[in-house]
Amino acid sequence: MNPYLQYMYSYPHKTAYRSLSGISLGDYALILKGRGHGLYLHLPFCRTKCGYCNLFSVTGQNEEQIDRYLCAVERQSRQYQTVLRTVQTSFSELVIGGGTPLLLTAAQLLRTFRMLEEHFVWDRDRALVIETSPGETTGEKLAVLKEAGVTRLSMGIQSLWDEELRTLRRQHSGKQALEALSLIREYGFSCVNVDFIYGIPGQTVDSLLTSLGQALAFEPEEIFLYPLYVKHGVRLLREGVAADPESALLQYREAGAYLRAMGFRQDSMRRFVRDACPREYLECGFGTSLALGCGGRSYLGNLHFCSPYAVTREGCLAQIQAFEETKDYTKITHGMILEEEEERRRYVIRHLLIRPGLFLPGYQEHFGTSALDDFPILKRWEQEAYVCQEGVYLTLTEVGLERSDWLGPMLISEGVREKMEEWERIHEGT
């Protein structure tokens with residue numbers, strides 16, 4: 001059995017989205033009333049494209065082209081501000097992702113933070129999360145982040161072995177990554193996260209544990225371990241590189257045991273957090289998040305929307321151009337309005353795959369029915385020891401946790417699956 005079918009970081013997947021008409025942001029403004037919402041800014045620019053990357057990002061854009069994109073984001077922010085002012089929206093979290101946000105110059109980063117401060121209202125204790133990479137991490141840019149109040153800084157390292165990095169088509173070296181980690185720690189960010197990949201061809205348990213051990217010397221608060229996926233449209237697929245699920249599973253088990261022994265708790269198949277960091281139960285099936293830029297996704301109740309999904313350079317550039325030429329950013333033209341069945345599935349997927357798990361009374365309160373009755377597969381998984389009931393939670397067992405990417409896809413509805421498969425057929429070969 002291949003335990004690596006699909007990473008269910010959200011539901012439904014963007015490949016299931018389709019054209020929408022007659023919908024505007026103003027129609028959903030009341031969902032964004034008051035405090036406690038999230039804002040996400042997508043900066044889809046990278047110096048190079050990693051061999052496994054199927055995210056919405058492009059390479060080869062110069063400073064002038066990035067400035068043009070930022071101008072479009074500012075126009076979008078101004079239009080959103082007009083709508084949000086009517087319901088007194090205040091955001092509790094700002095996440096800036098990509099792409100590689102720190103590809104921007106220090107001046108562009110300053111411009112971005114000033115723009116966001118000008119057009120949006122923020123809760124006093126807001127979280128500010130941003131991503132970086134070893135090759136783009138400089139003292140000048142970290143100083144900008146510190147001044148802006150960044151609370152969590154995440155860096156994709158993937159490996160500290162140069163041969164493994166070359167296999168992944170990463171452009172930094174292990175030495176650069178360690179230097180970047182050292183520099184980040186000098187600036188005293190309250191939460192530092194580093195990402196690693198396992199299942200890389202040629203990788204061993206020893207090489208993975210050595211990478212983790214070197215990173216732990218810098219005392220990161222969080223570590224994410226990602227299995228290598230080689231999916232539609234990525235460079236490694238075109239080059240015939242494939243992941244080895246059997247080796248990956250062994251590496252996952254050994255790395256997880258190592259991190260737990262080093263004082264980390266495991267909150268999901270991917271996320272390891274220092275035990276000293278408090279665990280908070282957060283309902284994530286109904287959270288509201290508004291996206292800026294091209295490629296980010298918004299969640300407003302049962303309305304999910306974003307620009308059309310693209311992986312190839314040509315497809316991403318076409319969407320960026322369309323975004324920059326948009327006149328009315330409040331018109332919502334691509335996404336999905338979830339029926340209640342899909343909302344139920346989203347709620348189960350979003351909670352079951354993250355500890356402490358699916359809060360059964362919460363599901364009952366939201367939907368008026370039992371999750372175990374609505375999804376008989378959960379009872380079967382309980383019999384098969386993939387899940388167990390711990391008090392009021394339905395929680396993945398250790399075996400279930402390592403099979404998250406096998407269990408999660410089984411909860412996809414037939415209708416969403418058909419749309420995803422249709423998208424794959426249409427874009428096959430691109």
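Trainee: In which segment is Pro12 found?
Mentor: In this predicted model, a cis peptide bond joins Tyr11 and Pro12. Strand S1 covers residues 18-24, and Pro12 is found in the segment before strand S1.

Trainee: What is omega for the cis peptide bond that joins Arg355 and Pro356?
Mentor: Pro356 is found in the loop between H10 and strand S16, the latter being residues 358-359. The peptide bond that joins Arg355 to Pro356 is cis, and its omega is about 15 degrees.

Trainee: Where is the place of Gln88, whose phi is positive?
Mentor: Gln88 is a residue other than glycine, yet its phi is near 55 degrees. Strand S5 spans residues 91-98, and the place of Gln88 is in the loop between H1 and S5.

Trainee: Are H10 and H11 roughly parallel or roughly antiparallel?
Mentor: Helix H10 comprises residues 340-352 and helix H11 residues 360-367; the two pack with their axes 11 Å apart, at an angle of about 165 degrees. Angles over 145 degrees count as roughly antiparallel. The angle therefore makes H10, relative to H11, roughly antiparallel.

Trainee: Which hand does the crossing of H10 and H11 have?
Mentor: On the H10 side, the contact is made by Glu340, Glu343, Arg344, Tyr347 and Val348, and on the H11 side by Gly362, Tyr363, His366 and Phe367. By class, this contact of H10 with H11 has four nonpolar, two polar and three charged residues. The crossing of H10 and H11 is right-handed.

Trainee: Which residues that line the second largest pocket are the closest to its centre?
Mentor: About 410 Å³ of space lies in the second largest pocket. The pocket is lined by 22 residues, and the closest to its centre are Cys306, Ser307, Phe323, Lys331 and Thr333.

Trainee: Which element gives the largest share of the lining of the second largest pocket?
Mentor: The elements that give two or more residues to this lining are helix H1 (63-85), helix H9 (313-324) and strand S15 (331-337). The largest share is four residues, and the element they come from is S15.

Trainee: How many charged residues does the lining of the second largest pocket have?
Mentor: One of the residues closest to the centre of the pocket is Lys331, and Lys counts as charged. By class, the lining of the second largest pocket has 10 nonpolar and 10 polar residues, and its charged residues number two.

Notes:
Residues numbered from 1 in each chain as written. Predicted model: local features only at pLDDT ≥ 70, side-chain atom pairs only at ≥ 80, totals over all residues. Heavy atoms only, no water. Axes fitted to C-alpha atoms, helices over the stretch in contact; angles between N-to-C directions. Parallel < 35°, antiparallel > 145°, perpendicular 65-115°, else oblique. Left-handed = near helix turned anticlockwise from the far one by under 90°. Contact = heavy atoms within 4.5 Å. 1 Å grid on protein atoms, 1.4 Å probe; cavity = no way out; pocket = protein on both sides within 12 Å on 5 of 7 lines; lining within 4 Å. Points joined across faces, edges and corners; volume = space filled by probe spheres on them.
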